[in-house]
Amino acid sequence: MAGKPKLYYFDGRGKMESIRWLLAAAGVEFEEEFLETREQYEKLLQDGSLLFQQVPMVEIDGMKMVQTRAILNYIAAKYNLYGKDLKERALIDMYVGGTDDLMGFILIFPFLSAEDKEKQRAFIVEKATSRYFPAYEKVLKDHGQDFLVGKNFSWADVHLLEAILMVEEKKSDVLTGFPQLQAFKARISSIPTIKKFLQPGSQRKPVPDDKYVETVRRVLRAYDNMKAN
């Protein structure tokens with residue numbers, strides 16, 4: 001029997017957080033090894049564990065997987081969170097891609113100066129409320145289902161809930177005017193595996209702080225050189 005997936009990353013969100021979310025949504029227990037020193041990172045490089053010299057890296061089913069999207073695709077397919085046919089998979093990919101674009105604006109936030117953070121906060125909220133949330137609000141309203149794709153819970157739902165919560169950390173009332181997304185958030189948050197992941201003490205990571213930023217910069221020696229895809 002295969003052991004638990006093992007995640008190699010920093011003790012913080014970054015690109016790994018969506019992988020944690022998806023494993024948790026699937027009810028899969030996982031282990032983590034946190035990168036805290038440059039030496040740990042260099043050892044992974046020397047061992048050949050990082051194919052493209054990048055993290056995140058996940059050991060799963062005898063593989064050492066890098067490239068965030070490849071890891072997420074594999075997990076989603078393995079645990080039946082990737083739709084029932086090619087058409088549903090295409091829709092899931094499309095919605096996840098949009099959500100990724102929004103998340104990308106948030107992932108850089110901790111590494112900005114105080115002045116730039118305020119500008120970025122406003123930018124994130126503006127993009128969420130004018131481009132991304134209206135699109136998902138329309139999808140949910142038009143098809144009248146509980147989930148983004150078809151009648152079943154999928155990776156697209158997990159990813160969107162993660163993004164909603166991230167934007168709410170920047171503006172708590174950001175879902176005002178989006179009744180479909182408000183109901184979606186409540187519905188998906190009540191799924192037992194998700195509800196468990198949202199409880200204190202889970203492997204969900206908090207909002208990145210200065211310690212996280214310092215660790216990333218120390219291990220990778222410069223945020224600009226970080227290859228996390």
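Biologist: Let's start with α6. How many of its residues are buried?

Modeller: Helix α6 is mostly covered, with 14 of its 14 residues buried. Buried means under 20% relative accessible area, exposed means over 50%, and partly exposed is in between (1.4 Å probe, protein chains only). Helices (H or I, at least four residues) and strands (E, at least two) are DSSP runs, numbered from the N terminus.

Biologist: Before we go on, what kind of model is this?

Modeller: It is a predicted model, where local features need pLDDT of at least 70 and side-chain atom pairs count only at pLDDT 80 or more, while totals for chains, interfaces and linings use all residues. Residues are numbered from 1 along each chain as its sequence is written, and side-chain values use heavy atoms, leaving out hydrogens and water.

Biologist: Thanks! What span should α6 have, and what do its end C-alpha atoms give?

Modeller: At 1.5 Å a residue, the 14 residues of α6 should span 20 Å, and the end C-alpha atoms are 20 Å apart, which agrees. The expected span is 1.5 Å times one less than the number of residues.

Biologist: And which residues have the most contacts inside the largest nonpolar core?

Modeller: Those are Phe10, Ile19, Phe133, Leu148, Phe153 and Leu181, in a core of 73 residues. α6 (residues 155–168) gives the most to this core, with ten residues. A nonpolar core is a set of buried Ala, Val, Leu, Ile, Met, Phe, Trp, Tyr and Cys residues joined through side-chain atoms within 4.5 Å.

Biologist: Pick one for me. What does leucine 148 touch?

Modeller: Not counting residues up to four places away in sequence, leucine 148 touches several residues, including Tyr95, Tyr136, Leu160 and Phe184. Contact here means heavy atoms within 4.5 Å.

Biologist: New topic: how is the chain divided?

Modeller: There is domain 1 (6–79 + 198–220) and domain 2 (86–190), with bounds from an automatic or database domain assignment. Their C-alpha centres lie 22 Å apart. The contact takes 21 residues from domain 1 and 19 residues from domain 2.

Biologist: How much area is buried between domain 1 and domain 2?

Modeller: About 1,600 Å², of which carbon and sulfur atoms give 66%. Buried area is the accessible area (1.4 Å probe) that two parts lose on being put together, summed over both. Between the two domains the count is also two salt bridges.

Biologist: How many salt bridges does the structure hold?

Modeller: The structure holds 21. A salt bridge is a side-chain nitrogen of Lys or Arg within 4 Å of a carboxyl oxygen of Asp or Glu. One joins glutamate 33 and lysine 6, with the closest N and O atoms 3.4 Å apart. That pair links distant parts of the chain, strand β2 (residues 31–34) and strand β1 (residues 6–9), 27 residues apart.

Biologist: Why does glutamate 33 count as partly exposed?

Modeller: Because its relative accessibility is 28%. Lysine 6 is partly exposed too, at 23%.

Biologist: What about glutamate 32: which residue does it form a salt bridge with?

Modeller: Arginine 20, with the closest N and O atoms 2.8 Å apart. Glutamate 32 counts as buried because its relative accessibility is 19%, and arginine 20 counts as buried at 0%.

Biologist: Which residues are linked in a network of salt bridges?

Modeller: Glu17, Arg20, Glu32 and Lys205.
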